[in-house]
Amino acid sequence: MHVRFIQQISDCPAQEWNALSGTDYPFLRHEFLYALEASGGVGKKSGWLPYHALIYQDEQLVGLMPLYRKTHSYGEYVFDWSWADAYQRNGIAYYPKLLSAIPFTPATGPRLCVKNAERQAVAIALQQSIGELLDNGDFSSWHVLFPSETERPAYTALQALQRTGVQYHWFNQAYTSFDDFLATFSSRKRKNLRKERQRVTDQGVSLKVLTGEDLNADVWQQFYHFYQSTYAKRSGHGGYLNQDFFQRLGETMAEQIVLVMAYDNDKPVAAALNLRSSDTLYGRYWGCIRDIDGLHFEACYYQGIEYCIANGLKRFDPGAQGEHKIQRGFTPIPTYSMHWIAHPAFRDAIARFVDEEDEHMARYTEDARSLLPFRADLSPAGD
């Protein structure tokens, strides 16, 4: 086997890439990654420089991994700023590092895609090639964020440090309606959630799910205005992504986009953008032009749950962080990242840190699950 690194995804034809990555998990589709690159969402100015790995057996493409040369740690959702600071204080460069992740997307899914070959053999070939880059000083480290459960054993066998995080996901227990889901709540929690939803209705706000051919140019213009306005309020600057990126998604992946638009007297005022696979809804982007009590929860969570129930999806991943999701029926679950650190002393120190952090995260997750709103006679969803 041999590995080829490419600095733009267009160097691999979409048909060849998607033949390995599949098209069900939306974020690894050639169309999604190309939209990021073509729109300038990733590239030199962003600090995300594409460095994708293509693994060949003889002349046949048998594996691939999305990779980026990173000059900072923004947009990753697995925080290693303290590691970078420790390197700097010791006069050692932490950046650039090599990162396998979906930019700005903390959604668990495939990272090493393999076809017509043994996964472990492909992983070994990739590690050997990346190991040479680390030995040459091209990168300080290699990180794989939010990999699927099926591929984690391959990394563990290659002596990766495994780091644990937590997210809050909703699981469909064959519910027939939103009320069927609410029936699993304790009486008080059920009453509180209904009041929260009713407040949105009482303010004269209505919501509509748009997908496929519904996603016209006007919809994208409205959504992008909401998205940028919300980022500007929170951080004082615009979002990572531009209108070109969203329009490209609408042109190439409309069937996997689920956009919830909120209207006040028929005027659009907010929107939540989700993507979907055959069994999972992924909440990604939100924007509004004015604050409406309870609308964020309605558009970003409850409408997503209703969509999953109506369309038979098994899981709703609404994005990273947010303990407020627990009381709304989103179960704390572990997430993972894998790390290879080239510097021996720092590898040992980071290994100790990861072990201590893992114990803390296990205790936190157990405590957080005790705050779920479900009746005492029911096990938390996701068990």
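Predicted model: local features only at pLDDT ≥ 70, side-chain atom pairs only at ≥ 80, totals over all residues.
Let's start with the whole chain. What about overall dimensions? Along the principal axes, the C-alpha atoms take up a box of roughly 65 × 45 × 45 Å.

How much of the chain is buried? Of the 383 residues, 55% count as buried. The accessible surface is about 17100 Å², with 46% of that belonging to carbon and sulfur atoms. And if you take the contacts with a separation of 6 or more, 74% of them are between residues 24 or more positions apart.

Now the rings, which is the part I wanted to show you. How many aromatic pairs do we get? The count is 39. I'll walk you through two of them.

One is W142 with W340, and this pair is stacked: the centres are 4.1 Å apart, with 15 degrees between the planes. W142 comes from strand β8, residues 141-145, while W340 comes from strand β15, residues 331-341, so this pair links distant parts of the chain, 198 residues apart. Are these two buried or exposed? W142 is at 2% relative accessibility, so that one counts as buried. W340 has a relative accessible area of 7%, and because the cut-off for buried is under 20%, W340 is buried as well.

The other pair is Y227 with Y285, and here the geometry is edge-to-face, at 6.1 Å centre to centre and 85 degrees between the planes. Which elements does this one connect? Y227 sits in helix α8, residues 217-235, and Y285 in strand β13, residues 280-288, so the pair ties together parts 58 residues apart in sequence. Y227 is buried, at 2% relative accessibility, and Y285 is buried too, with 9% relative accessible area.

Have a look at R197, whose charged end sits over the ring of F178, 4.3 Å from the ring centre. Then go to R328: its charged end sits over the ring of F297, and there the distance to the centre is 3.6 Å.

That's what I had, so over to you for questions.

Terms used. Residues numbered from 1 in each chain as written. Heavy atoms only, no water. Phe/Tyr/Trp six-rings, centres within 6.5 Å; stacked < 30°, edge-to-face > 60°. Helix = DSSP H or I, 4+ residues; strand = E, 2+ residues; numbered from the N terminus. Buried < 20%, exposed > 50% of the residue type's maximum accessible area, 1.4 Å probe, protein only. Lys NZ or Arg CZ within 6 Å of the ring centre and 35° of its normal. Contact = heavy atoms within 4.5 Å. Areas by Shrake-Rupley, 256 points an atom, 1.4 Å probe, with all protein chains shown as cover.
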